[in-house]
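Welcome, and please get your viewer ready. We will go from one stop to the next, selecting residues as we go.

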Amino acid sequence: MQDHLRHEMELEIRRLGRVSLIEAANGIGVDLFYCERQAESIVAAHTDLMLVQGEVISTGYWDMVAEEINESLQEASQVSLADLAARLNVGSELLTTMLEPRMGNLVRG
């Protein structure tokens with residue numbers, strides 16, 4: 001059971017770059033507790049993953065977000081941090097923390 005849960009969660013993380021533990025628990029049909037334990041184990045084993053606000057998020061996901069923001073900046077010249085955070089359903093502080101190292105590289109603005 002635990003191996004199957006881990007496998008399913010890892011597949012979703014690879015596919016989407018970001019997985020809500022609540023959605024994973026509901027989708028797989030297990031208690032949230034087991035998803036949380038597996039998420040902690042998965043994140044501990046992969047340096048490119050983080051557990052934030054009940055979600056496992058990959059660095060690749062943040063790179064993709066940065067590229068999308070860069071495209072928006074090239075088209076509109078400005079993008080509201082609050083709007084981005086709301087669209088991504090993350091806090092502004094988390095978004096800022098993830099974007100700062102990508103400024104000048106993936107985000108040119």
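**Stop one: the second largest pocket**

Select I69, L81, L84, L99 and M103, which lie nearest the centre of the second largest pocket, among the 11 residues that line it. A pocket here is an open set of points on a 1 Å grid over the protein atoms alone, where a 1.4 Å probe fits, with protein on both sides within 12 Å along at least five of seven lines; lining residues have an atom within 4 Å of a point. This model is predicted: local features need pLDDT of at least 70, side-chain atom pairs count only at pLDDT 80 or more, and totals for chains, interfaces and linings use all residues. Numbering starts from 1 along each chain as its sequence is written, and side-chain values use heavy atoms, leaving out hydrogens and water.

Now colour helix 4 (59-76), helix 5 (81-88) and helix 6 (92-99), each of which supplies at least two lining residues. Helices (H or I, at least four residues) and strands (E, at least two) are DSSP runs, numbered from the N terminus.

**Stop two: the largest pocket**

Next, find the largest pocket, with about 290 Å³ of space, a volume being the space filled by probe spheres set on grid points joined across faces, edges and corners. Select R18, V19, S20, E23 and A24, the closest to its centre of the 16 lining residues. Helix 1 (2-16), strand 1 (18-20) and helix 2 (21-28) each give two or more residues to this lining, and helix 1 gives the most, with 5.
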